[in-house]
Structures are given as C-alpha cells and as structure tokens.
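Q: I have a structure open here and have not looked at it before. Can you walk me through it?

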Amino acid sequence: MELWIVATIAAAAVQTLRFSLQKRLKAAGLSTGGATFSRFVFAAPIAIAAATVMIAATGQGMPALGPRFWAYACAGGLAQIIATFCTVALFSERSFATGIAFTKTETVQVALFSALVLAEPVTPAGLAAILLGFVGVLLLSHQWGQGRMAFANRATALGLLAGGFFAASSIGYRGATLEIARDDAFLRALLALACVTSFQTLAMIGWLSWREPGQIGRVLGAWRTAALVGVTGLAGSFGWFVAFSLMNAAYVRSLGQIELLFSLTVSILVFGERPRRAELAGMALLVLSILMIVQLA
C-alpha cells in the first residue's frame with residue numbers, strides 16, 4: 001500500500017478523535033473560538049521542536065522558505081481556522097457523524113481548486129469517483145421533514161462553508177510542501193506543519209485577545225483535554241501533510257472521506273446517536289467512492 005494512502009487513513013482516524021475532543025470542549029463551556037484555539041496552541045511548540053530535531057538529524061540545514069511558500073502556508077492556515085470555526089459551530093446543529101459529513105463537500109471543491117491553482121487536474125474516472133462521493137454527502141446533508149428534503153438550513157450552510165475553506169487549506173498545504181526544496185516527504189511535511197501551526201497560533205491569539213479575551217484563559221484552564229486536542233490535531237495534520245507532499249490534494253481529500261466511517265462509529269458508541277436510513281445510504285456511496293479512489297490513484 002502506498003505511503004500517501006497509509007498517511008491519509010491514519011490522519012482521518014486521528015482527526016476523528018480530535019473532533020470528538022473538541023466537541024467535549026465546546027460542551028464544557030468554551031466558545032467556538034476557544035475550542036478552535038485549542039487545536040493549535042498546544043500543537044505549535046511540539047511541531048517546532050520536532051522539525052528542529054529532524055532538520056538537525058538530516059544534516060542538510062534549514063531549507064530556504066520563499067515568498068510563495070509563505071503565501072501558500074498562511075493562506076492554507078487561515079482557511080483551516082475558518083473551516084474549523086464552522087465545523088465546531090456545526091456540532092450544535094446536527095449529529096456528530098452527519099456534522100463531519102457536511103464538510104466533505106470539499107472534495108468537489110478541492111478538485112476544482114487543484115486544477116485552477118496548482119494545475120493538477122484529476123482524471124475523468126477520478127472525477128467520477130469524487131462526484132459519487134459528493135452524492136453521498138448530499139444524502140447526508142439534508143433534513144427530512146414534512147415529507148420533503150430541506151436543504152436550506154443553518155447546518156447545510158455551515159457545512160458548505162467548512163468544506164470550501166477546508167478545500168482551500170488543502171490546496172495551500174499541498175502548494176507549501178511543493179515549495180520546500182527537499183526530497184524527504186516527512187521533512188517537507190513536518191517543516192510546513194511547524195510554520196503553519198505557528199502562524200495559526202499567533203493569529204488565534206490576536207483574534208481571541210480582541211474578541212474573546214477570556215477564552216484564552218479558559219483554554220489553558222482546560223489544558224488536560226485541550227492538550228489532547230492539540231496533540232491529536234498535530235498527529236492528524238502531520239498525516240495530511242505527508243499525503244499532500246506525495247499526491248494530488250483532490251485524491252488525498254477524497255480518500256480522507258473514510259473519516260466518515262470513523263465518525264459514525266464514534267457517534268454511535270460515544271455519543272449514543274443513531275443515523276437515519278438516508279444517512280446510511282450516503283455512507284454506502286461514500287465507501288464505494290473511497291474504494292474507487294484507491295484503485296484509480
């Protein structure tokens with residue numbers, strides 16, 4: 001099995017755990033901004049230390065990070081912050097598994113952004129697999145009520161926004177890793193991750209200090225859970241960055257939909273929620289889409 005596939009599946013599994021921890025933080029009284037901040041503040045120091053050790057171990061020195069790298073890294077980091085805001089807010093709207101599913105509209109959007117920004121289009125067969133997964137997401141993104149589907153609701157809007165910004169972040173991270181002049185995918189991934197999480201931490205400190213100054217203290221006060229959010233977020237992001245350094249972001253994110261199966265398991269076993277028939281049908285289509293992506297990529 002190719003490394004990018006292993007890295008993507010591992011990242012999706014760890015990210016599911018991170019989202020469940022963030023949901024608990026939200027329920028414990030943190031704002032959406034506070035729960036989002038917890039994702040970065042404990043991850044950045046670890047990422048910086050790990051990147052420093054790896055660079056020293058390789059003996060190749062610090063690679064040059066030009067303006068294009070920083071443009072991709074900061075744009076991707078900012079997009080991820082906004083996407084995480086939308087996702088955490090979404091937890092209050094619908095079930096955990098379906099909330100995560102809303103964000104998966106990103107797969108169609110990232111395929112478009114990848115072709116336009118990075119000149120990395122997907123094959124027709126790959127696009128067909130991505131669209132099949134998108135149909136599955138549509139089944140997951142409606143609310144049944146009074147005998148009809150109601151797509152115009154707050155949960156759908158938040159999910160679509162989250163998906164769009166996650167797509168933009170994927171393109172930014174793929175572009176950033178390609179701008180680092182090293183052959184080692186792990187080194188490129190870790191260095192890009194350290195830069196991105198540092199930027200995100202500083203950006204969130206500025207935002208919360210301005211808009212929600214009390215939240216920084218609350219996050220630090222809930223350090224036991226918040227630190228786990230940071231560590232799991234860092235581990236998951238490292239997997240995504242490794243995958244992005246090796247493969248077209250559209251295929252990485254499409255395979256990443258396997259996270260839905262993990263989130264469904266968490267939804268049932270941890271939060272005691274039950275999926276509806278339409279949601280199960282959507283899950284089935286997503287599984288088929290994932291299998292096609294693995295075979296095609």
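Predicted model: local features only at pLDDT ≥ 70, side-chain atom pairs only at ≥ 80, totals over all residues.

Q: Start with the core. Which residues touch the most other members of the largest nonpolar core?
A: W4, F69, F241, V252 and I293 do, in a core of 47 residues.

Q: And which helix gives the largest share of this core?
A: Helix 9, residues 185-211, with 9 residues. Another core, of 10 residues, lies apart from it and includes V41, I81, M204 and L208.

Q: Back to V252. What is V252 in contact with, leaving aside neighbours within four places in sequence?
A: The contacts of V252 are W4, T8, W240, A243, F244 and M247.

Q: How many cavities of 30 Å³ or more are there?
A: The search of the whole structure gives 3. The largest cavity has a volume of about 80 Å³.

Q: What lines the largest cavity?
A: Its lining is made of Q15, R18, R39, Q80, F166, S169, Y173, S237, W240, F241, F244 and R253. Helix 1 (3-27), helix 8 (154-178) and helix 11 each give two or more residues to that lining. The largest share, 4 residues, is from helix 11.

Q: How many of the lining residues are nonpolar, polar and charged?
A: There are 5 nonpolar, 4 polar and 3 charged residues in the lining of the largest cavity.

Q: Where is S245, while we are on helix 11?
A: S245 is in that helix, which covers residues 223-246.

Q: Is S245 buried or exposed, and why?
A: S245 counts as buried because its relative accessibility is 5%, and the cut-off for buried is under 20%. Beyond four places in sequence, S245 touches R174, T177, A185 and R188.

Q: New topic. How many disulfides does a search of the whole structure find?
A: It finds 0 disulfides.

Q: Last one: where is M292?
A: M292 is in helix 14, residues 277-296. M292 is partly exposed, with a relative accessible area of 29%.

Q: What does M292 touch, not counting residues up to four places away in sequence?
A: M292 touches A129 and L132. M292 and A128 are 164 residues apart in sequence, and their C-alpha atoms are 9.1 Å apart in space.

Definitions and conventions:
Residues numbered from 1 in each chain as written. Heavy atoms only, no water. Buried < 20%, exposed > 50% of the residue type's maximum accessible area, 1.4 Å probe, protein only. Contact = heavy atoms within 4.5 Å. Core = buried A, V, L, I, M, F, W, Y, C linked by side-chain atoms within 4.5 Å. Disulfide = S-S within 2.5 Å. 1 Å grid on protein atoms, 1.4 Å probe; cavity = no way out; pocket = protein on both sides within 12 Å on 5 of 7 lines; lining within 4 Å. Points joined across faces, edges and corners; volume = space filled by probe spheres on them. Nonpolar A, V, L, I, M, F, W, Y, C, P; charged D, E, K, R; others polar.
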